[in-house]
Amino acid sequence: MKNPEAQQDVSVSQGIRMMFYVMKPSETSFQTLEEVPDYVRKATPLFISLMLLELVISWIRKGKPLGGLDDALASLSAGIMSQLPRLFYRSIELTSYVYIWENYRLISLPWDSPWTWYLTFLGVDFGYYWFHRMAHEVNIMWAGHQTHHSSEGYNLSTALRQSVLQIYTSWIFYSPLALFIPPSVYAVHLQFNLLYQFWIHTEVIDNLGPLELILNTPSHHRVHHGRNRYCIDKNFAGTLIIWDRIFGTFEAENEKVVYGLTHPINTFEPFKVQFHHLVNIWTTFWATPGSFNKFSVIFKGPGWSPGKPRLGLIEEIPELQKLLCWNFPDTWLCSQLVIEQHFKLIQVEGKEVPFSSSASQLLKIYVVVQFALMLAFYEETFADKAVLSQVTLLLRVCFIILTLTSIGFLLDQRPKAAVLETFRCLVFLMLCRSGHLKPCISSLSFAFEIFFSICIAFWGVRSVKQLVSDPWR
């Protein structure tokens with residue numbers, strides 16, 4: 001997919017149908033990889049439209065949105081970070097596949113045959129099942145995949161919470177297809193398999209009747225995202241749930257699902273969301289005695305430790321039916337681990353309190369505005385990457401990462417958030433004046449300078465006050 005000019009346009013009808021894998025071989029078969037549309041990029045308007053539709057339906061049904069704004073921003077931030085490497089090089093899932101195809105293929109199935117198309121559909125989905133399963137059962141692979149599970153909400157924005165690291169292991173499970181499936185056919189199904197999984201990240205769809213027997217559905221995938229004991233390591237399917245039924249990993253949704261990691265990370269900061277488990281592996285590796293045990297820390301399950309089965313003990317997964325809460329005059333603080341005798345203890349049946357930001361509503365509005373501005377530059381950068389210099393691309397990527405990090409700091413109410421935001425706004429003005437960042441509408445340049453100058457003044461004053469009042473913090 002190197003040459004966008006050679007790619008086929010995607011109609012509105014195709015755009016909607018590709019989200020549900022309802023495409024015909026005749027309209028999605030291409031002779032060369034360069035002809036394959038970037039379906040995922042072209043789906044961006046549908047991502048936004050479906051998220052807004054989900055928001056409306058949720059308001060109508062429950063009078064409130066599904067999940068919090070802070071959690072949604074963290075999910076979108078993770079999705080953006082996962083896509084940034086594509087500005088510099090093609091995905092390793094494609095480059096490795098093309099290399100195997102060009103050097104080791106056994107036979108060449110016809111690229112325009114419907115039989116090749118359907119075989120690839122099954123092959124990619126089968127490969128995804130085993131990649132996904134291993135991403136839960138091998139600790140070093142879980143370090144990448146855990147990003148997707150770290151959200152304590154479950155809505156369409158959760159689908160976009162993707163890992164920067166995951167593609168560096170997923171390609172292994174698709175590589176056998178390169179012995180006989182043309183890269184152009186594989187590239188189509190790799191994208192459709194990913195797009196199908198977007199719409200199943202929702203609570204507004206309950207049960208799909210007979211389709212539940214064959215397809216991966218919102219109900220099945222809710223179980224997969226749960227941290228209830230009955231949900232752990234279940235329903236790894238991408239498109240077809242039959243793989244879980246065949247290999248014994250299927251579990252139907254019964255009791256209320258509680259989402260997130262079994263040990264919540266309680267942060268919206270994007271680098272922690274992406275890499276915190278790598279730090280945990282590093283710490284555990286050096287703290288664990290014995291060479292074989294160190295090897296096991298990396299390649300056995302996330303719950304393994306010496307003396308335990310490969311995947312750990314299910315009994316060690318925290319029970320979520322009851323929570324212990326401390327009643328304060330102004331707030332509720334909940335914990336599963338600590339009981340302080342001098343606090344008033346109240347038992348809450350069947351409820352879980354997701355982690356949320358303590359930032360004010362005004363600050364959250366500010367964060368949304370800054371995120372929207374960054375998103376506009378992000379989309380423009382991808383659209384113009386063919387004509388932008390490598391220096392400009394690198395500087396824009398650094399600014400995007402800086403913005404996502406600052407937003408995470410602000411939502412987490414980190415001590416140095418004001419200092420970082422002051423620096424970020426200064427960087428924005430410097431990039432604009434040097435020509436590396438330009439608004440889509442040139443007439444807005446002056447307005448942007450005024451706005452960001454005000455932001456620098458505001459956050460600069462707050463930074464100085466903070467440094468004066470607590471210089472060592």
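Two residues are in contact when heavy atoms of theirs lie within 4.5 Å of each other. Serine 357, for example, touches Asp70, Phe268, Lys364 and Leu411, not counting residues up to four places away in sequence. The structure is a predicted model, in which local features need pLDDT of at least 70 and side-chain atom pairs count only at pLDDT 80 or more, while totals for chains, interfaces and linings use all residues. Residues are numbered from 1 along each chain as its sequence is written, and side-chain values use heavy atoms, with hydrogens and water left out.

**Nonpolar cores**

- A nonpolar core is a set of buried Ala, Val, Leu, Ile, Met, Phe, Trp, Tyr and Cys residues joined through side-chain atoms within 4.5 Å.
- Buried means under 20% relative accessible area, exposed means over 50%, and partly exposed is in between (1.4 Å probe, protein chains only).
- The largest nonpolar core has 48 residues, and those with the most contacts inside it are Met18, Tyr39, Phe47, Tyr186, Phe192, Leu195 and Phe198.
- At least two residues of this core come from each of α2 (39-42), α3 (44-62), α5 (92-104), α6 (114-137), α8 (156-159) and α10 (183-199).
- Helix α10 gives the largest share of this core, 10 residues.
- Another core, of 44 residues, lies apart from it and includes Ala74, Leu373, Cys425 and Val427.
- Helices (H or I, at least four residues) and strands (E, at least two) are DSSP runs, numbered from the N terminus.
- Phenylalanine 47 is in contact with Met19, Val40, Leu160, Leu195 and Phe198, leaving aside its neighbours within four places in sequence.

**Regions named in the UniProt record**

- UniProt positions are given in the numbering used here, feature names are shortened, and annotations may be inferred rather than shown by experiment.
- An unreviewed UniProt entry places the feature "domain: Fatty acid hydroxylase" at residues 118-249.
- Residues 118-249 are 55% helix and 0% strand, and the end C-alpha atoms are 24 Å apart.
- An unreviewed UniProt entry places the feature "domain: Alkylglycerol monooxygenase C-terminal" at residues 363-450.
- Residues 363-450 are 76% helix and 0% strand, and the end C-alpha atoms lie 19 Å apart.

- Histidine 189 lies in helix α10 and counts as buried, at 0% relative accessibility.
- Leaving aside its neighbours within four places in sequence, histidine 189 is in contact with Tyr21, Trp117, Thr120, Phe121 and Val124.
- Histidine 189 and valine 124 are 65 residues apart along the chain, and their C-alpha atoms are separated by 6.7 Å.
- A polar contact is a pair of N or O atoms within 3.5 Å; within protein, one must be able to donate a hydrogen and the other to accept it, and residues adjacent in sequence count only if both atoms are side-chain atoms.
- The side chains of histidine 189 and tyrosine 21 are joined by a polar contact of 2.6 Å.
- Threonine 239 is in the loop between α11 (218-224) and α12 (242-247), and is buried, with a relative accessible area of 2%.
- Among the residues that threonine 239 touches, not counting those up to four places away in sequence, are Tyr21, Phe121, Asp125 and Asn193.
- The side chain of threonine 239 also makes a polar contact of 3.4 Å with the side chain of asparagine 193.
- Threonine 239 and phenylalanine 126 are 113 residues apart in sequence and 9.3 Å apart in space, C-alpha to C-alpha.

**Positive phi**

- Most residues other than glycine have a negative phi.
- Asparagine 235 has a positive phi of about 55 degrees although it is not a glycine.
- Asparagine 235 lies in the loop between α11 and α12 and counts as buried, at 0% relative accessibility.
- Asparagine 266 has a phi near 50 degrees, which is also positive.
- Asparagine 266 lies in the loop between α12 and α13 (270-287) and counts as partly exposed, at 43% relative accessibility.

**Serine 357**

- Serine 357 lies in the loop between β3 (345-349) and α15 (361-383).
- Serine 357 is buried, with a relative accessible area of 10%.
- The side chain of serine 357 reaches the backbone nitrogen of alanine 359 at 3.0 Å.
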